[in-house]
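Please open the model beside this note. Take the points in order and find each residue as you go.

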Amino acid sequence: MTLTATPEQALAARRLGRTDFTILSGLVEPRSKVLDLGCGDGELLAWLAENKQAVARGVEISPASVQRCIAQGLSVYQGDIDKGLADYPDRCFDFVILSQTLQQTHRPLHVLREMLRVGERIIVTFPNFSHWTMRLSMLLTGRAPKTKLFPHEWHDSPNIHFLTVEDFENLATAEGWIVERRVFLRGDRVIRALPNLLAETAIYLVRRS
Amino acid sequence: MTAETQLAQFDSLPLDCGETLAPVTAAYQTYGELNRERSNAVLIQHAFSGDAHAAGISRETGKPGWWDNMIGPHKAFDTSRYFVICSNILGGCQGTTGPGSINPATGKPFGGAFPVVTVRDMVRLQKKLIDSLGIRRLLSLAGGSMGGMQALQWAVDYPEAVVSAIPIATAYRHSAQQIAFNEVGRMAVMSDPDWKGGDYYDSAPPGRGLSVARMIGHITYMSDDSMREKFGRRQRPKEELGNGFAGDFEVENYLRYRGGEFVNRFDANSYLYITKAMDNFDLTSGYGSLAAALARSQARFLVISFSSDWLYPSYQSLEIVRALRGHNLDVAYCEIPSHYGHDAFLLEAGEQTELVKHFLANTFKKAA
């Protein structure tokens with residue numbers, strides 16, 4: 001099942017400048033308790049708090065970003081996603097969001113399992129490493145791919161665990177997770193066909209079995 | 001903004017040790033106006049050697065308050081929006097009842113006969129003060145170091161009276177290292193022959209011991225970096241190396257100066273009683289665990305630590321934050337990068353202002 005952007009989400013996209021936010025805001029139910037991992041300067045949390053009346057919490061590793069979050073009135077905790085969830089009791093959030101950060105964590109599977117422990121549902125978005133431009137870039141240059149999606153040199157990239165749409169699907173099956181929704185984006189457009197080849201960004205709404 | 005210290009008298013104050021102080025006085029200052037709903041009161045809690053004069057220019061001394069960079073119109077604790085209160089702690093020597101106060105039983109200063117006081121006792125007196133001002137709930141409590149301990153104790157002891165708390169550069173109990181530094185300071189005071197078991201008020205105070213204690217304190221408030229920057233190895237030109245203990249290095253002179261200055265404004269017995277209260281402070285006491293203690297609170301928390309603070313390291317703030325998160329309480333936490341060491345909570349006004357100002361505004365909005 002896929003989603004199309006509502007006018008509300010389109011407005012959010014213009015305001016936020018990140019397409020996946022529009023989809024995320026459509027997945028989060030009003031007045032939910034939301035935890036955003038790697039929440040950056042808190043744009044998504046602030047948007048959810050204002051427009052969805054969400055109880056918004058966040059974890060962020062950069063002190064400067066944490067300060068900007070707190071300055072917006074957001075309850076954000078300075079810490080490391082890889083170990084930051086251990087203190088939370090089970091199922092204390094309606095949604096735990098990991099937006100474009102999974103590929104930067106040291107222990108992605110651990111993070112995902114922890115998210116599913118503390119949250120009823122999790123929303124994970126990640127850049128799809130098997131997009132055709134990646135495949136082509138590697139095939140033609142014989143070097144670690146550098147594209148619009150992955151613009152970094154191999155040695156200074158924050159991305160350390162590359163994954164594809166297929167990889168995530170396989171993991172969800174192996175772990176017995178239930179994928180409630182999956183949305184694939186090319187640029188800011190939702191696509192339906194051949195996501196592993198054509199999707200730049202994948203968005204999954206997942207819950208425990 | 002001028003500030004004047006006021007005194008509030010109370011008939012009695014029961015203490016954790018079983019004794020009762022009667023009567024008891026609390027010295028305090030206020031800034032700004034209490035609103036009609038009485039919902040905009042913020043209690044500032046001072047650190048070990050602070051006093052009620054937190055902000056503004058003192059009418060008595062002409063000096064600015066110890067947190068004047070944070071409290072005032074349009075500052076972090078915006079006195080054009082909030083009613084800010086700061087009181088001298090129980091056991092202190094700046095107007096509130098302490099070991100230098102007159103013992104009604106003898107007509108002389110308490111000295112060593114002053115009962116052992118705790119952070120909880122200090123908070124109990126503050127609660128009396130707040131009640132007497134007609135305030136039922138505090139919008140926020142904030143303090144650094146020992147002030148943070150008081151903020152935590154308030155949130156646990158009077159959960160219904162606390163909307164939010166801002167413990168800064170603090171701990172829920174002292175580590176062995178923190179107790180150790182305090183013990184060296186206490187021994188410096190008590191080994192001064194002028195201390196006389198605490199009964200020195202009709203003679204010279206134990207100034208040598210107290211100044212050494214303060215010198216040690218100042219070392220723990222700074223960091224290696226801040227000392228290198230402030231003093232390095234700079235020294236006065238030396239004629240000869242003959243009697244080499246005159247205090248040639250700038251850092252030596254600074255510590256001697258701060259030590260000597262401290263003797264003029266602080267009572268040695270208060271030093272002993274207050275450091276002991278800090279060492280005895282344990283938020284878990286009576287509750288079994290930190291989690292159980294903090295579970296009583298319904299407050300929002302903003303916890304702040306500083307990267308170079310080795311006296312109250314960030315891990316101690318994180319212990320508090322983790323316990324709050326374990327109960328899924330509303331907690332924001334930030335470790336502010338700073339090279340000032342523990343002193344950062346007094347000096348890093350810019351960064352703290354951004355955090356505190358918006359946290360308070362948001363809390364006020366939510367509470368309304």
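1. Start with B:Ile57. This residue counts as partly exposed, because 15 C-beta neighbours lie inside 10 Å. Buried would need 20 or more, and exposed 12 or fewer. Keep in mind throughout that this is a predicted model.

2. Where does B:Ile57 sit? Its place is in strand E7 of chain B, residues 57-58. Leaving out residues up to four places away in sequence, B:Ile57 touches B:Met1, B:Thr2, B:Ala3, B:Gly62 and B:Pro64. Now look at B:Arg136, which is 79 residues from B:Ile57 along the chain. The C-alpha atoms of the two are separated by 29 Å.

3. Compare B:Ala26, in strand E5 of chain B. Is B:Ala26 buried or exposed? B:Ala26 counts as buried, because it has 25 C-beta neighbours inside 10 Å. Not counting residues up to four places away in sequence, B:Ala26 touches B:Ala8, B:Ser87, B:Thr96, B:Leu125 and B:Leu129. B:Trp154 is 128 residues from B:Ala26 in sequence. In space, the two are 17 Å apart, C-alpha to C-alpha.

4. Check the peptide bond between B:Ala22 and B:Pro23. That bond is cis, with omega about -5°. B:Pro23 lies in the loop between strand E4 (20-21) and strand E5 (24-31) of chain B.

5. Next, the nonpolar core. In soluble globular proteins, nonpolar side chains tend to be buried together. Here the largest nonpolar core has 160 residues. Which of its members touch the most other members? They are A:Ile70, B:Val42, B:Ile44, B:Val84 and B:Ala165.

6. Take B:Val84 from that list. Its neighbours within four places in sequence are set aside here. B:Val84 is then in contact with B:Thr30, B:Tyr31, B:Gly32, B:Val42, B:Ile44, B:Ala55, B:Ile71, B:Phe77 and B:Thr79.

7. Now see where the chains meet. How many residues of chain A are in contact with chain B? There are 15, and they touch 20 residues of chain B. Helix H4 (63-71) and strand E3 (75-78) of chain A each supply at least two residues of the chain A side. H4(A) gives the most, with five residues. By class, the chain A side has nine nonpolar residues, five polar and one charged.

8. Stay with H4(A) and find helix H11 of chain B, residues 349-367. The two helices pack at an angle of about 30°, with their axes 7 Å apart. H4(A) is therefore roughly parallel to H11(B). A:Gln67, A:Ile70 and A:Ala71 make the contact from H4(A). From H11(B) come B:Glu351, B:Glu354, B:Leu355, B:His358 and B:Phe359. The residues of this contact divide into four nonpolar, two polar and two charged.

9. Helix H4 (residues 207-221) and helix H6 (residues 250-265) of chain B pack at an angle of about 125°, with axes 8 Å apart. H4(B) and H6(B) are therefore oblique to each other. The crossing is right-handed. H4(B) contributes B:Gly207, B:Leu210, B:Ser211, B:Val212, B:Arg214, B:Met215 and B:His218. H6(B) contributes B:Leu255, B:Arg258, B:Gly259, B:Gly260, B:Phe262 and B:Val263. The contact has six nonpolar, five polar and two charged residues.

10. Back to chain A, at helix H3 (residues 43-51). Which residues of H3(A) are buried? They are A:Leu44, A:Leu45, A:Trp47, A:Leu48 and A:Ala49. An α-helix has 3.6 residues a turn, so residues three or four places apart point the same way. After H3(A) comes A:Gln53, whose phi is positive, near 50°.

11. Finish with two arginines of chain A. A:Arg31 is not a glycine, yet has a positive phi of about 60°. Its place is in the loop between helix H2 (19-27) and strand E1 (33-37) of chain A. A:Arg31 counts as exposed, because it has 11 C-beta neighbours inside 10 Å. A:Arg91, also not a glycine, has a positive phi of about 50°. A:Arg91 lies in the loop between E3 and strand E4 (93-99) of chain A. A:Arg91 is exposed, because 12 other C-beta atoms lie within 10 Å.

Technical notes: Residues numbered from 1 in each chain as written. Chains lettered and ligands numbered in written order. Predicted model: local features only at pLDDT ≥ 70, side-chain atom pairs only at ≥ 80, totals over all residues. Core = buried A, V, L, I, M, F, W, Y, C linked by C-beta atoms within 7 Å. Contact = placed C-beta atoms within 7 Å. Helix = DSSP H or I, 4+ residues; strand = E, 2+ residues; numbered from the N terminus. Nonpolar A, V, L, I, M, F, W, Y, C, P; charged D, E, K, R; others polar. Axes fitted to C-alpha atoms, helices over the stretch in contact; angles between N-to-C directions. Parallel < 35°, antiparallel > 145°, perpendicular 65-115°, else oblique. Left-handed = near helix turned anticlockwise from the far one by under 90°.
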